[in-house]
Amino acid sequence: MTETLTVLGIETSCDETAAAVLRRAPNGKVEILSEIVRSQIEEHAPYGGVVPEIAARAHADIADQIVATAIKESGLGLDEIDAIAATSGPGLIGGVMVGMMTGKALAMASGKPFIPINHLEGHALSPRLASDCPFPYLLLLVSGGHCQFLAVEGLGVYTRLGSTIDDAAGEAFDKLAKTLGIGFPGGPAVERLAKSGSPDRYNLPRPLLNRPGLDMSFAGLKSAAARIVEAGPMDMQAQSDLCASYQAAIADCLAEKTRRALALFQSKHEESTRFVVAGGVAANQTIRTALERVSAEAGAKLYAPPLKHCTDNAAMIALAGAERLAANMVSEPGLDFAARPRWPLDEEAAIKNPAYGGGKRGAKA
Ligand code: KG4
Ligand code: ZN
């Protein structure tokens, strides 16, 4: 399609209820007309992690209202919106269902197409919300639920180059914070304490660093830190030192794997010097600095979307919908699409090499 498209996006796959309306011009320029994100951090904080049942209920309570507000704030009527896109997986299934059903109901009532979006595709395209970031580029998605390298070669053309084989890096931060009892989400809490700590005090493992390849692992690091905490009371300085050592271990792993991923990606795409990092962990300054260093060494430019688009949001879902609509990559009406708790972007790689163990329900993200 060659006209400007306006799309409503809905995101409910984890602990943010979000809706956004954006307009995408045929030249790829994006204008965000409204975007709302309502975080459930307070509901989950007492448990030190996201509780799926609480998440689903909280989404169900406010999804309608968030969507209605996003439409109102866009200044448009539903009739001026070309399509409705909603995250349809992967994620916590209760939440995914809420957002998807909200989107389908609106699509049905208004006669607009419904576009099911893979949440990971939203993250993969997120740098294109704010800057001119043409394909191809290398993406490191590093959040509480995901930790993977993707070669983003075009719309719908994603190759997973490597991923964690157990916990995501954000999850590792959350678990240390829970063990120390310093708050949720863990990343910002660990980073805060690490500022007054020494990264050299504890010699923590860097799992898989000595093995070839791009897969990552953080479970062993988490257990090593838990053993230190369980060994006896720790004063404030010891806790800060542990946070600093832990953060340094994660930064080392991500930096070294990025160095290898860039080399692999650049051997295939000599023309591309773009390296995008997305996901909540990208907010970490030590990690950001380490990634900046390795990309500069490889002659690549680091693109980090603004924090609000790094973490879960609906603008990236609306953009994925708009790009798909513009490229005629939408099978209408899309209303028959069933939510997918597991939905790898690169299904071929996930089936051949399931990062979390394939299981009966198919490969996880
Ligand atoms: O992308 P995101 O908002 O949600 C998903 O997980 O999808 O990422 C949240 C994750 C949490 O695990 C949180 O602890 C981590 O990102 N995080 C950080 C920082 N800020 C958020 N990790 C390290 N340092 C930070 N400053
Ligand atoms: Zn996400």
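Tyr137 has Val152 in strand 7 as its bridge partner. Strand 6 (residues 137–142) and strand 7 (residues 147–154) pair in the antiparallel sense over six bridges, where pairing requires that DSSP finds at least two bridges between two strands. The model is predicted: local features need pLDDT of at least 70, side-chain atom pairs count only at pLDDT 80 or more, and totals for chains, interfaces and linings use all residues. Residues are numbered from 1 along each chain as its sequence is written, and side-chain values use heavy atoms, without hydrogens and water.

- An open sheet of mixed pairing is formed by five strands in the order 8-7-6-9-10; strands are DSSP runs (E, at least two residues) and helices are DSSP runs (H or I, at least four), numbered from the N terminus.
- Strand 8 (157–163) and strand 10 (301–303) each have a single partner strand, so one side of each lacks a neighbour in the sheet.
- On average, neighbouring strands of this sheet are turned by 25 degrees against each other, direction ignored.

**Helix packing**
- Helix 6 (residues 169–180) packs with helix 8 (residues 219–230) at an angle of about 10 degrees, with axes 10 Å apart; axes are lines fitted to C-alpha atoms, for helices over the stretch in contact, and angles run from 0 to 180 degrees between N-to-C directions.
- Helix 6 is therefore roughly parallel to helix 8 (angles under 35 degrees).
- Lys175, Leu176, Thr179 and Leu180 in helix 6 meet Lys222, Ala225, Ala226 and Val229 in helix 8 (contact: heavy atoms within 4.5 Å).

**Confidence**
- The protein has a mean pLDDT of 93, with 96% of its residues at 70 or more; pLDDT is the predictor's confidence in each residue, from 0 to 100.
- For residues 356–365 the pLDDT is below 50.

Notes. Chains lettered and ligands numbered in written order. Parallel < 35°, antiparallel > 145°, perpendicular 65-115°, else oblique.
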